[in-house]
Amino acid sequence: MSTTDQTVVRLEDYRPPAYLIDRVDLDVRLHPSATRVTAVLAIRPAEGTPAGTPLVLDGDGLRLEHLLLDGRSPEPEAYAASPVALTLHCPPAQPFRLEIETVINPEANSALMGLYRSSGTYCTQCEAEGFRRITYFLDRPDVLAVYTTRIEADRTEAPVLLGNGNPVEAGPIAGTERHYAIWHDPHPKPAYLFALVAGRLASVHDTFTTRSGRLVRLAIHVEPGKEDMCGWAMDSLKRSMAWDEHVFGLEYDLDVFNIVAVSDFNMGAMENKGLNIFNDKYVLADPETATDQDYGHVEAVIAHEYFHNWTGNRITCRDWFQLCLKEGLTVFRDQEFSSDMRSRPVKRIADVRMLKSHQFPEDAGPLAHPVRPRAYREINNFYTATVYEKGAEVVRMLKTLLGAEDFAAGMALYIRRHDGDAATIEQFLACFAEAGGRDLEQFALWYEQAGTPRLEVTSAHDPDTATLSLTLTQSLGPTPGQASKLPMLIPVRLGLIGPEGADIGLRPRERDRVQGDVLLLSERSQTFTFDGVTERPVLSLLRGFSAPVTVNATPSPADLLFLLQHDSDPFNRWQAAQDLATRELMRLYAARRKGDVLAVDAALVSALGDVLTDEDLDPAFRAQVLHLPGEADLARDIGRDVDPDAILSARTQLRHAIGRAHGQTFASLADRLGRRPFAPDAADAGERALKGLCLAYLAVSDQDTRADIIARHAREADNMTDRIAALSVLVHEHLAGADTALAAFERRHAGHPLAMDKWFTVQATSPHAGTLTIVDALTRHPAFDWTNPNRVRALVGAFTTGNQSQFTRPDGAGFVYLGDVVERLDQRNPQLAARLVSAFRSWQALEPKRAALAEGVLSKLAGRATLSKDTRDIVERCLA
Ligand code: PHE
Ligand code: ZN
């Protein structure tokens, strides 16, 4: 351990930069294997930097070709150059100019960081520390410079040349096959927002006029032939731009906005100033190849990257510990955007589902870390559900606590005060404290303390005095590096529901601790007393999921059924159904672990049937209610000594009971729903979601013709949503017709990698004993490609994170397989390997035999001398 410990970066060690870089003039002469980069940097010592302080520029795998200091070659003893640093031992005390020439090899760059090629297109990825793979630089987010970039390339190889900011000039280079373009970005930015793209790209164009009258030329660049698949992304972009003006008063600030879709990308997308680069799966969409979910993701990711222009770019992060400053806030903003575009309750349910299934397990295992971490060995490993999704929840709680108006005032102050800054969480919170006249000191613990707080709730109703008293107790267990925790400020939105199903107005005694319908829990334990409660109410706790906590109340099944029927808060209606299902699943699971099989609770099955047929409810909402908690959700709730096979059988048993009870209804709804020609709007998508769910239950009903009906849906579907829904039911339920449908899908989509990803995923997530063998065989399928992160995630990632029972096979073969894949990928693409290996993060919760097998694979990986820093970090934290 001690050798790796030395490389820990700590928040408390932050020091402002000793030197600043005001301007960067880049000249990039592109060549597949020898791209020549000349960087001219206008540098000056920061105020207070003692004369003679060495200047250390970051590098990563660089070789210095030439160096000029104020136009002259420095003496050899005046500097030192290595692959990872360029040091000037005693730079001038006055502003000076450094000219640095490096030669890099984009073709050999398989890590997809820095300058690389994706299907022949040159592109860059610089967040978090990729710019240092292009040239030596102060590669830290608090060094902001104005960039001018000249890009030069072969005219046929790269007719399109794109940079940050606005285009300045372009033209041929006389007497050669080459041409150039110059881009200038007037907004100072950190190096991680730098980008360039060059290639043979097609594009679609549009315009947007900002409310103050700036005409912005919009373009989306894609591989030729994919232009028809950009319409939805462009539409989403224009709606995002209008929404940010309308809701946050934020306008775009350049004359052009370019989006480029590339097929090789480690993450979702990147907010480079004026030149967003996307994983193509978040740009390309048409009904034939994209599902409703894909449409939703494209809309959200386009919005997210666009919104970064203010929350991330105009105001950036002082250091990488502040990552949630831009990410949590921007996720919050994109969630709000999607809520306004679609159904707010359904979006909230989907977001909370995602938080609970991705972030809660992270917070409960060895990889748990605060929303603002205090230490890291590899920053790439901190682009996590905690930083993003929990970070967004923290901003949402801030809005709940302050109210919409003060929250808006705080945002406005933040933008006004920090435009152009590299800011911190403290500065962000100070704006809200000031705008809302509040002390947010305790609230700030949400950024500091890892783990999911647990709320215990007890209540007592006294009919004689017509009072209800409610005692809330919070606790937060230890997480890595944090043994004991302080109580947090938890906003608990509450409803009291009377016997007729209507909300009772809240008359709290502790008026200073209750804001409207939000209880402010700040002590370890607090009692709230409500007057005028004549009859025993049913509690609706944590409405809208007002805080990212788990609740331990013990409502009776009757109360939960009552909530499912009557709660005025749609989120809690959904939550009640989830709680009922979870309880039942836990009961079935416990029995199965003892070798027993119990009968399924008929009341639950019938209540779900009522929701299914309630035509007053939005179909998307009904689909969410009938969608049972996933295997991973149950594993998380069980917490220890987890037996994934028993979880699977409990869940299968309940699904079958529901399917059998309402088979007829599922059949007729599947037939009736979603028959209009495809449109990606929320209403139609909701119908298709319910239809897909009906097919899944129909498959486990006792309707004789079920396999035929589902196979027909797969065959006749005129859009990907319906087609893949039917296909996955056929495959996962081993129905007759599955192989035919798989073959038909393969023929139909052979030429379209993103569609084939779904075909891989369907097979990788099948909960059957042969799946691992199939996954391995599919890695030799012509459509599979180990070098493409989307392919690897669609097949191997889907298997390890979307197929609990098979990944955790009792013989350990799933673990061994992942270990082998990680070894195979680690040298090529460490970020991808590190992400895959984090599928082990909940290994300690497994029953002892499986846990030992997982630990064995992790230990073997840890013993590899050549492991990348990225993967080693995850492996060692999993084992710690
Ligand atoms: N900043 C990107 C986003 O959230 C994510 C990203 C991180 C992309 C690192 C690439 C590399 O929007
Ligand atoms: Zn982001």
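Two residues are in contact if their C-beta atoms, placed from the backbone, lie within 7 Å, and it is in this sense that α5 (344–364), α10 (570–593), α14 (644–661) and α23 (804–807) are included in what covers the buried residues of α13. The structure is a predicted model. The protein chain is divided into domain 1, covering residues 1–200, and domain 2, covering residues 570–879.

**Domains and annotated spans**

- Taken over C-alpha atoms, the centres of domain 1 and domain 2 are separated by 44 Å, and four residues of domain 1 are in contact with seven residues of domain 2.
- On the side of domain 1 that touches domain 2, the residues divide into two nonpolar and two polar, with no charged residue.
- An unreviewed UniProt entry places the feature "domain: Peptidase M1 alanyl aminopeptidase Ig-like fold" at residues 451–552, and over this span the chain is 47% strand and 0% helix, with the end C-alpha atoms 16 Å apart.
- The annotation "domain: Peptidase M1 alanyl aminopeptidase C-terminal", also from an unreviewed UniProt entry, covers residues 558–880, a span that is 71% helix and 0% strand and whose end C-alpha atoms lie 44 Å apart.

**Strand β24 and its partners**

- Strand β24, made of residues 454–462, pairs with strand β25, made of residues 467–475, in the antiparallel sense over nine bridges, and within this pairing A460 stands opposite S469 in β25.
- The hairpin of β24 and β25 has four residues between the strands, and in this hairpin A466 takes a positive phi near 55°.
- With strand β32, residues 550–552, β24 pairs in the parallel sense over three bridges, and T550 in β32 is the bridge partner of R454.

**The shell around ligand 1**

- The residues around ligand 1 are Q125, E127, A128, M267, A269, M270, E271, H304, E305, E327 and Y383.
- By class, the shell around ligand 1 has five nonpolar, four charged and two polar residues.

**P287 in its loop**

- P287 lies in the loop between β20 (275–279) and α3 (292–307), and P287 counts as buried because 20 other C-beta atoms lie within 10 Å, where the cut-off for a buried residue is 20 or more.
- Leaving aside its neighbours within four places in sequence, P287 is in contact with F678, N719 and M720.
- K226 stands 61 residues from P287 along the chain, and the C-alpha atoms of K226 and P287 are separated by 14 Å.

**Helix α13 and its cover**

- Helix α13, residues 631–638, is mostly covered, with six of its eight residues buried, and these buried residues are E631, A632, D633, L634, A635 and R636.
- Among the elements that cover the buried residues of α13 are α10 and α14, and just after α13 comes G639, which takes a positive phi of about 85°.

Technical notes: Residues are numbered from 1 along each chain as its sequence is written. Chains are lettered from A and ligands numbered from 1 in the order in which they are written. This is a predicted model: local features need pLDDT of at least 70, side-chain atom pairs count only at pLDDT 80 or more; totals for chains, interfaces and linings use all residues. UniProt positions are given in the numbering used here, feature names are shortened, and annotations may be inferred rather than shown by experiment. Helices (H or I, at least four residues) and strands (E, at least two) are DSSP runs, numbered from the N terminus. A residue is buried if 20 or more other C-beta atoms lie within 10 Å of its own, exposed if 12 or fewer, and partly exposed in between; C-beta atoms are placed from the backbone. A residue is near a molecule or strand if its C-beta atom, placed from the backbone, lies within 6 Å of it. Ala, Val, Leu, Ile, Met, Phe, Trp, Tyr, Cys and Pro count as nonpolar, Asp, Glu, Lys and Arg as charged, and the others, Gly among them, as polar. Two strands pair if DSSP finds at least two bridges between them. Domain bounds come from an automatic or database domain assignment.
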